[in-house]
Amino acid sequence: MEGLLGITYRCNARCKMCNIWKFPTKKEEEVKVEDLEKLPRMRFTNITGGEPFLRDDIEEIIYILKKKAKRIVIRFPKICKSFDSQTKISPKEIKILE
Ligand code: SF4
């Protein structure tokens, strides 16, 4: 089983081909960490948004999904600043693919 998980529609990019950033979710509307515990085991999970690293609990989300899936991919804007400034995840744990 493979999964695609949109964890927020908030985004600090303004891509012309996309209008997600015009309709951001409120934090309280977004999927909760405790809900992720209910997901089945997966072969592959794609975490997307919006900008996933705008979630304050992104580390917790990743650690829960790592228990559920053999492989996790996180899509975020190349211009993303939140990854560096808000994330405490060790660089050893993340492989960035261009
Ligand atoms: S980074 Fe993604 S979600 Fe954000 S505006 Fe661009 S295409 Fe849309």
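These legends describe close-up views of one predicted protein model.

**View 1. The whole chain, element by element.** The protein chain holds three helices and three strands. Starting at the N terminus, the elements follow the pattern β-α-β-α-β-α. The chain has 98 residues, and 19% of them count as buried. Take the contacts between residues at least 6 apart in sequence: 78% of these join residues at least 24 apart.

**View 2. Confidence along the chain.** The mean pLDDT of the protein chain is 83. A value of 70 or more is reached by 78% of the residues. Among the elements, helix α1 (residues 33–36) has the highest mean pLDDT, 95. Helix α3 (residues 82–86) has the lowest, 53. Where pLDDT is low, predicted coordinates should not be read in detail.

**View 3. An open sheet of three strands.** The strands line up in the order β1-β2-β3, and their pairing is parallel. The edge strands are β1 and β3, each pairing on one side only. Direction ignored, neighbouring strands of this sheet are turned by 20 degrees against each other on average.

**View 4. Strand β1 meets strand β2.** Strand β1 covers residues 2–6 and pairs with β2 in the parallel sense. Five bridges link the two strands. Which residue of β2 is the bridge partner of Leu-4? The partner is Asn-46.

**View 5. Strand β2 meets strand β3.** Strand β3 covers residues 69–74. Its pairing with β2 is also parallel, again over five bridges. Two opposite pairs can be picked out here. Met-42 faces Ala-69 of β3. Phe-44 stands opposite Arg-71, also in β3. In a regular strand, side chains alternate between the two faces of the sheet.

**View 6. Helix α2 between two strands.** Together, β2, α2 and β3 build a β-α-β unit. Is this unit right-handed or left-handed? The unit is right-handed. Helix α2 lies across β2 and β3. The helix runs at about 140 degrees to β3.

**View 7. The largest nonpolar core.** How many residues make up this core? There are eight: Ile-7, Ile-47, Phe-53, Leu-54, Ile-58, Ile-61, Ile-74 and Phe-76. Follow one of them, Ile-47. Leaving out residues up to four places away in sequence, Ile-47 touches Leu-5, Ile-7, Pro-52, Leu-65, Ile-72 and Ile-74. Two of these contacts, Ile-7 and Ile-74, belong to the core as well.

View 8. Look at the step from Gly-49 to Gly-50. The peptide bond there is cis. Its omega angle is near 20 degrees. Gly-50 sits in the loop that joins β2 (42–48) to α2 (58–68).

**View 9. Cys-11, a buried loop residue.** Cys-11 is found in the loop between β1 and α1. Why does Cys-11 count as buried? It has 22 other C-beta atoms within 10 Å, and the cut-off for a buried residue is 20 or more. Not counting residues up to four places away in sequence, Cys-11 touches Ile-20, Trp-21, Gly-49, Gly-50 and Glu-51. Gly-49 and Gly-50 are the two residues of the cis peptide bond. Cys-11 and Leu-54 are 43 residues apart along the chain, yet their C-alpha atoms are separated by 7.4 Å.

**View 10. Lys-22, an exposed loop residue.** Lys-22 also has its place in the loop between β1 and α1. Is Lys-22 buried or exposed? Lys-22 counts as exposed, because 9 C-beta neighbours lie inside 10 Å. The limit for an exposed residue is 12 or fewer. Arg-10 is 12 residues from Lys-22 along the chain. Their C-alpha atoms are separated by 8.6 Å.

View 11. Where is Asp-56? Asp-56 is in the loop between β2 and α2. Asp-56 is exposed, because 9 other C-beta atoms lie within 10 Å. Lys-27 and Asp-56 are 29 residues apart along the chain. The separation of their C-alpha atoms is 9.5 Å.

Conventions: Residues are numbered from 1 along each chain as its sequence is written. This is a predicted model: local features need pLDDT of at least 70, side-chain atom pairs count only at pLDDT 80 or more; totals for chains, interfaces and linings use all residues. Helices (H or I, at least four residues) and strands (E, at least two) are DSSP runs, numbered from the N terminus. A nonpolar core is a set of buried Ala, Val, Leu, Ile, Met, Phe, Trp, Tyr and Cys residues joined through C-beta atoms within 7 Å. Two residues are in contact if their C-beta atoms, placed from the backbone, lie within 7 Å. Two strands pair if DSSP finds at least two bridges between them. A crossover is right-handed if, with the strands pointing away from the viewer, the path from the first strand over the helix to the second runs clockwise. Axes are lines fitted to C-alpha atoms, for helices over the stretch in contact, and angles run from 0 to 180 degrees between N-to-C directions. pLDDT is the predictor's confidence in each residue, from 0 to 100.
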